[in-house]
Amino acid sequence: MKNLIKQVFHSPKFVVGFVIFIVIFFMIIFYPLFIKADPLDMVGGLFNKPGTYVAVKDVVQTDEYTLKINTALARLKSISIADKQSMVDWLIKFGNVKKTEVDIDEVATLVDLWQKNYSSKVVQKGLLAAEKMNYVRLNNKINQLINSGDVYIATKDKDGVLSSTKPLDPQAFVNTKDIVNKKTFILGTDNFGRDVLTELVAAMGTSLKIGLVAGTIATLFGLVLGLLAGYVGGTLDDFIMFVTNIFTVIPSFILLVLISFSVGESARGVMLTAAIIGFTSWPWTTRSVRSQVISLRNRNHVNLSKLSGHSLPRIILTDILPYVASYVVMAFILQISSGILAEAQLSMIGLGPATTKVSTLGLMLNWAMAYKAPLTGSWWAFLPVILAITLISFSLNLMNTGLDQVFNPQLRD
Amino acid sequence: MGKIMLEVNNLNTKYITRSREGIFAVNDVSLKVEEGKSLGIAGESGCGKSTLALSMMGYYLSPLHYISGDIIIDGKNISGMKPEDIRKNILGNEISYIPQAAMNALNPTQKIISLIEDVIHAHNPKAAIKDIHDLARERFELLGLPPEVLKKHAVELSGGMKQRTVIAISTILSPKVLIADEPSSALDVTSQKMVIKMLRSLMEKGLIKSMVFITHELPLLYNVTDDIMVMYAGQIVEKGTAKEMVFDSMHPYSKGLMGSIIVPEAGIRNKKLSVIPGTPPNLKHPPDGCRFAERCKYVKPECTLTNVATKVFGNDRMYRCIYSIEQLKEVYADE
Amino acid sequence: MNKEKLSPCLSGRGVTKIFGSSKIKTVAVDHIDFDFYKGEVISIVGESGSGKTTLAQMLLGLISVTEGEIGFEGARRNISSRKNKKEYWRGIQAVFQDPFASFNMFYKVDSVLLDCVNMRDGKHLAKEKKIELITEACKFVNLKFAELTNKYPFELSGGQMQRLMIARIFLLKPKILIADEPTSMVDACSRATILDMLLKLRDENNMTIIFITHDIGLAYYVSDNVYIMEHGKFVEHGSADEVICDPKEDYTKRLIGDVPKIYEKWDLTTVG
């Protein structure tokens, strides 16, 4: 037994999978201890980008520091490459600027050239009206960047008139540490305005719980049925196989959908979803355990036990079960993985647990899709979730392959 | 003394396990097989006879590693050759090997004739298909196999037929040496007899020039091979002609082995079968001195001190024991 | 040989075993009759597929009999209930071919022997007495129980495990022992030991031994009576000398002729 455990932890695949899984597991356990925010709290707005959000009022009312930094140049740097390319193209085609005089990397000189040479009134041969408008808009944008006139802050007096106006110095900076009201969204917010990272960690925990419960139910059920069907045989075997075949023929996903739908939204909690998933994925385990037991029951050590007068439960527990144990452990890991995926599938089509009470990985994806996050480019709302699902499944499957190689030496490379 | 087809001199090979331990499977083995003769290698499971068979081909697959010694096939020393050269030039046409349960090695998706085409094309890519088919048919008839088998798949054949087919395919290029490792063990007695008949036929018709037959069943060797060699714990302990070995062996182990033969012949019911207690030594740490000493009835203190070299006596007979022939004869006479 | 010819300890009339359902039937054992007497050593010789293993399992009561009757100690065998089966297994036991497959590899070897003591009404005995009985049984097979205790099967050699199986029989002292190829997976040099031990058990307890084997030489060496089995039927039976030295049936003649000989010349011209 000890030797077996040593071998398992020497298997590279198992160790890699195990490490990934443990990292995820610890993250799920320790993150809430440090960040005590409620994952379902709708703090932000619709798909806020990841970053640190600072209260503007605080900024304006805090100590200013003057830094000798050319803020205008930094603003120029915010011009996108596509816009810069457009400028270069226009200047070469219509602005009488030679290619050698233009350098797309030198923003300041480029903008300078643009200012000198651009005019919407120049004959732009071959351009559509819409394209000409694009250039006008681009020109306006550039003008706004460089000609930022002064910005003023003011207070309202008792009559509602603005007074004590003060211009903002373009080179005035504040220290973010002085600002009390700031919020960092490492992964931005989802459509509800929830912090994606906090929600994600909670969702991973919930999904893992569902996977574990579903996996346990499926494996236990499958194991008991498989043992009975395989060892006792006869009518019991026929009956169990009949039921198993029915469950196999109906696609488990359809079954899941039907049961989830009929249970109704209000009753669907986390545990119920896990139970539903568990009770629709046992056929596979039953089949495999049964076939192993059938080949085991004719072995001589079983015959010897019979000849020694052992009872049926004793034979199943001591002579059959240990021999299928390694297989059952592997099946269990795979069931957890498929349980998590099944929940994700269910939740994505809206048949999982209610989202106001809990968040799961599938639910996060569901809402991201519903609010068209991919279209709006809000990658933070769905990519981290996909990555989380992938990593969890991957680590479990990797552990499984590692275990397989330990238990079946002929599979070793 | 005819031309020597296979000569092995002081061959040493070992297995290296995953934990980098060495198992000294073949130790200081020397043997000679002449043209037209066959050698039987007998021993119990774990003595190294299958490893010796693999080692003699010169084709070493990890974890088996060559350490030292010569293997000379018809004058050509193959011990230093690269695996690619051995595969191309030696295997199949100079020396051919039939492993245990070889009948399971037949590709179930191909017809037998196409397997033969593969074998011949591997050595002679330009061979014409028609010539191959003619050769195959001719060979099968010569060996008493029905030519219809050529068009069948392996699954359609019985165990005995499969094994004979494998032997026919392995010898299609008329190799100089055929090494057969337990070619008939998994078969019923009738198929076994057919396999034995076929092997003898191959020798008699000159389709193979010499043969090495490996098995743990001694009555088979007595009826098939000219000479018998007994192996124990990776070493040769005795060698002689079949008749000498079965009826008049000298080494205590071979004597014990021969004394445990059971045949359905009159008189066997009164025979007292020999018993050798204990088990063979662990080849990871082979004992000093004689490897059989711990189980030998006649062990002396000197037996465990030094390694025992092989001694030659009589007509090219060889044995490995610290006792002289006269001393052994005396000891046996006392019993 | 002094046999109690009054009634056979194990007999069969029309014993048949058919596997499979109506469409695909395999007749493994085909209406055979036999009478085995107390203290006899019998060999049932057959090639693979002859049905000898199926017959052994039926005799042991491990699989059901499709047709026919088996008689045990003069009366019709009754193994309908679990209680009856347990009672039957006090009288008949087995030694199997593969010693490694006969042991549960997850449990220590002690448990097997302890079971035997309990089976022989030894449950109530003191622990020391149980160990004494087990040590005595191991001594019979040249094993030291003190060295074996707390060992797992994979720590022992094949020969040691097969001898433990025989120690088990020594403890159980059944009336009938079915030995299914007990020496085929054992080294040639240890074969004689196993056979000797089994024969000693027969001598001391007047135990009937039924060898199941494909090795006709072994059958001739060790048995009083030999039964030749082919395709589920007994084609010939008689005393060992009768069947081997003077076979009457063609199948028996072929079976003997196909085995390599040493003292006589082995005729290779007749095959199949």
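Guide: Gladly; we will look closely at a sheet, then at its chain's contacts, and finish with a helix pair in a partner chain. This is a predicted model, in which local features need pLDDT of at least 70 and side-chain atom pairs count only at pLDDT 80 or more, while totals for chains, interfaces and linings use all residues. Residues are numbered from 1 along each chain as its sequence is written, and chains are lettered from A and ligands numbered from 1 in the order in which they are written.

In chain C, an open sheet is built from six strands, ordered β6-β7-β8-β3-β9-β10, with mixed pairing. Strands here are DSSP runs of E of at least two residues, and helices are runs of H or I of at least four, numbered from the N terminus; two strands pair when DSSP finds at least two bridges between them. The edges belong to β6 (92–95) and β10 (233–239) of chain C, each of which has a single partner strand, so one side of each has no neighbour in the sheet. From one strand to the next, the twist averages 20°.

Helix α1 (residues 52–60) of chain C covers β3 (41–46), β6, β7 (176–180), β8 (208–213) and β9 of chain C, at about 155° to β7(C). Such angles run from 0 to 180 degrees between N-to-C directions, with axes fitted to C-alpha atoms, for helices over the stretch in contact.

Between chains B and C, 30 residues of chain B are in contact with 31 residues of chain C, contact being C-beta atoms, placed from the backbone, within 7 Å. On the chain B side, α6 (189–204), α7 (218–224) and α9 (252–258) each supply at least two residues; α6(B) gives the most, with six residues. That side of chain B has 16 nonpolar, eight polar and six charged residues, where Ala, Val, Leu, Ile, Met, Phe, Trp, Tyr, Cys and Pro count as nonpolar, Asp, Glu, Lys and Arg as charged, and the others, Gly among them, as polar.

The contact between chains A and C takes twelve residues from chain A and 17 residues from chain C. In chain A, α13 (300–307) and α14 (312–348) are the elements giving two or more residues, and α13(A) has the largest share, six residues. By class, this side of chain A has three nonpolar, six polar and three charged residues.

Let us follow α14(A) away from that contact. Its axis and that of helix α12 (residues 283–296) of chain A come within 10 Å and cross at roughly 160°; α12(A) and α14(A) are therefore roughly antiparallel, a label for angles over 145 degrees. From α12(A), the contact uses Thr285(A), Ser288(A), Val289(A), Gln292(A), Val293(A) and Leu296(A). From α14(A) come Ile320(A), Tyr323(A), Val324(A), Tyr327(A), Val328(A), Ala331(A) and Gln335(A). Nine of the residues in this helix contact are nonpolar, four polar and none charged.

Note on methods:
Contact = placed C-beta atoms within 7 Å. Parallel < 35°, antiparallel > 145°, perpendicular 65-115°, else oblique.
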